[in-house]
Amino acid sequence: MGKQYRATTMSTKGMVTTPHYLASQAAMYILQRGGNAIEAAIAAASTIGVVYPHMNGIGGDNFWLIYNTKTKELKGLNSSGRSGEKATIKFYKNQGLSKIPSRGALAANTVPGAIAGWGQAFEYGKSEMDGTLSWKSLLESAITYAKEGFPVTPSQACWTEVNLDEGDKEFRALGRFEEFKKVFLKNGKPYQAGEIMKQEDLARTLELVAENGSDYFYNSELTERIITDLQKYGGILTVDDFKRHTSDWVNPISVNYRQYTAYNLPPNTQGMASLSILNILNHIELRDIEEGSSTYYHVLVEAIKHAFKDRDQYLSDPEFVNIPVDVLLSPQHGLKLAEKIRNSERAKELQLLDAKGDTVWFGIVDEYGNAVSMIQSIYHEFGSGFIPKDTGIVLQNRGSYFSLDENHVNALAPCKRTFHTLNPAMLLKNDKPALVYGTMGGEGQPQTQAALVTRIVDYGMNVQEAIEAPRWLYGRTWGAASNSLKVESRIPQEVCNELKKMGHELEVLEEFTDIMGHAGAIFIDEQTNVKYGGADPRGDGMAIGY
């Protein structure tokens, strides 16, 4: 096994892992006051939306997997927003556009579901999981950091700098948005790592939500202020769009993997792709393949390509498109794709994939045995870049992923949910959580999930070791004309040479690059109930337990 850079965190009661240490601490504070996993998740989610604002926030969406130890059931919550009633292909084409802009008011065409998700989970936690803490108390940390300030991370400093590039009006140049300048720049320059950043407007918005409940975001004077400013700049969301928003309880989807059952969320998320990879690998005896060998990487990357091919053919809003999830995740289909990989030594070609998307994933297990795997995002870093005046809310640009081709599976239509890269994961054994895991990074999510599961389940790595082990990412970077297989430079040269011989177009990146996403995991020992938590050195995260 390779060198481990950080210790694995171990605890007997509660465990938290998030991609920002202040969010981990906010969640831990709630757990130590007797709060349950849902209450701690809301504290983490609201805090990380403040202290990691380039990656997520209340202008985005979230998805939850919640294990209730009392009822022994796993529930999914889809809190992604739908497109506005005025969001039509015709509208965008009449503006002379062939694709939805990536930034600005027109990119913010879906309702932010995040706060509704917190509210719905909170009510469930109260009624079904003996939740005792007040809604208001869960937002205290977030409000304090927004009001009094927090030290800016190197990650935020770096991504702010990247997004000021005036030469790229499609994806960058966020300095053109007045409120972005007001909130995220200091005298026209990005905050440097370690400088204190305050977000007074956001603090006031969070206080209103803390005082009045989650519905306030969707039906109040705040909603009207958001919409008025958005429409002033040509945006198309309406107050009615916000009022109509619903977050939905969904049944998680699953596949068997070795002695575990792997769970994820159904469409419109790409959870089916993450599970499809495991469904294929379940028919391949990985223990006969050395971890970290060229064969290991080749087999995983080829499984990923097959899963992505199915995903790209079908994934959209299931209310608009019939998606044969049961067929795609059947053992027969997994076996058929596994045979294709076995029978071919060569790398398969796949249509171009955008390796894009910035997100936060976090996991929480409380002392009672409840578990939450949750993911929250505004899509690109800083979302649409558009912040309605004096609200501090960075609106997501998730809806810019819709296609303006009416024959495309993810074609834009009013009140529709778009294809979503977000997908939180969990492995259960004997109907109890065994591994709570996930990661940020659009296309990278299913790939890193497969890396974590194979390394922990098949190769016996501890969670921290599995997170730190060299990672790969199949896809392309902006402007690239082909998909490459990006690998961290810790993968030995000899292995890289063998992969090239197998037909993989390789791009070698630095030792630990955050392009690979910020992963996290909590493993629960069935015998001792000890929780093992891991956090990614590629991010600013921390696993803490008590």
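Me: A crossing is left-handed if the near helix is turned anticlockwise from the far one by less than a right angle, and right-handed if it is turned clockwise. Which hand does the crossing of α13 and α15 have?
Reply: The model is a predicted one. In it, the axes of α13 and helix α15 (residues 331-342) come within 10 Å and cross at roughly 130°, which makes α13 oblique to α15. The crossing of these two helices, α13 and α15, is right-handed.

Me: How many charged residues are there in the contact of α13 with α15?
Reply: From α13, the residues V299, E302, A303, H306 and D310 take part, and they meet H333, L337, K340 and I341 in α15. By class, four residues in this contact are nonpolar and two are polar, while the number that are charged is three.

Me: Is α13 parallel, perpendicular or oblique to α16?
Reply: Helix α13 (residues 294-314) packs on helix α16 (residues 444-458) with the axes 11 Å apart and an angle of about 135°. Angles under 35 degrees count as roughly parallel, over 145 as roughly antiparallel, and 65 to 115 as roughly perpendicular, with the rest left over as a further class. That makes the relation of α13 to α16 oblique.

Me: Which class has eight residues in the contact of α13 with α16?
Reply: On the α13 side are Y296, Y297, L300, I304 and F308, and they meet P446, Q447, A450, A451, T454 and R455 in α16. Sorted by class, two of these residues are polar and one is charged, and the class with eight is nonpolar.

Me: To which strand does α16 run at about 140°?
Reply: Seven strands form an open antiparallel sheet in the order β1-β20-β19-β15-β14-β11-β10. Helix α16 lies across β10, β11, β14, β15 and β19 (519-524). The angle of about 140° is the one between α16 and β15.

Me: Which strands stand at the edges of the open sheet, each with a single partner strand?
Reply: The open sheet's order runs β1-β20-β19-β15-β14-β11-β10, and its twist averages 20° from one strand to the next. An edge strand here has one partner, so one of its sides is left without a neighbour in the sheet. The two in that position are β1 (9-11) and β10 (253-257).

Me: In β14, which residue is the bridge partner of Y263?
Reply: Strand β11 (residues 260-264) pairs with strand β14 (residues 425-429) in the antiparallel sense over three bridges. Y263 has its bridge partner in β14, and that partner is M426.

Me: In β4, which residue is the bridge partner of L65?
Reply: β3 pairs antiparallel with strand β13 (residues 371-379) over seven bridges, and there L65 is partnered by S373. Seven bridges also join β3 to strand β4 (residues 73-79), again antiparallel. These two form a hairpin with four residues between them, where K72 in the turn has a positive phi of about 55°. The β4 partner of L65 is G76.

Me: Is N109 buried or exposed?
Reply: N109 is found in the loop between α3 (89-94) and α4 (114-128). Among the residues N109 touches are R82, Y92, I236 and G399. With a relative accessible area of 0%, N109 is buried.

Technical notes:
Residues are numbered from 1 along each chain as its sequence is written. This is a predicted model: local features need pLDDT of at least 70, side-chain atom pairs count only at pLDDT 80 or more; totals for chains, interfaces and linings use all residues. Side-chain values use heavy atoms; hydrogens and water are left out. Axes are lines fitted to C-alpha atoms, for helices over the stretch in contact, and angles run from 0 to 180 degrees between N-to-C directions. Contact means heavy atoms within 4.5 Å. Ala, Val, Leu, Ile, Met, Phe, Trp, Tyr, Cys and Pro count as nonpolar, Asp, Glu, Lys and Arg as charged, and the others, Gly among them, as polar. Two strands pair if DSSP finds at least two bridges between them. Buried means under 20% relative accessible area, exposed over 50%, partly exposed in between (1.4 Å probe, protein chains only). Lists of a residue's contacts leave out its neighbours within four places in sequence.
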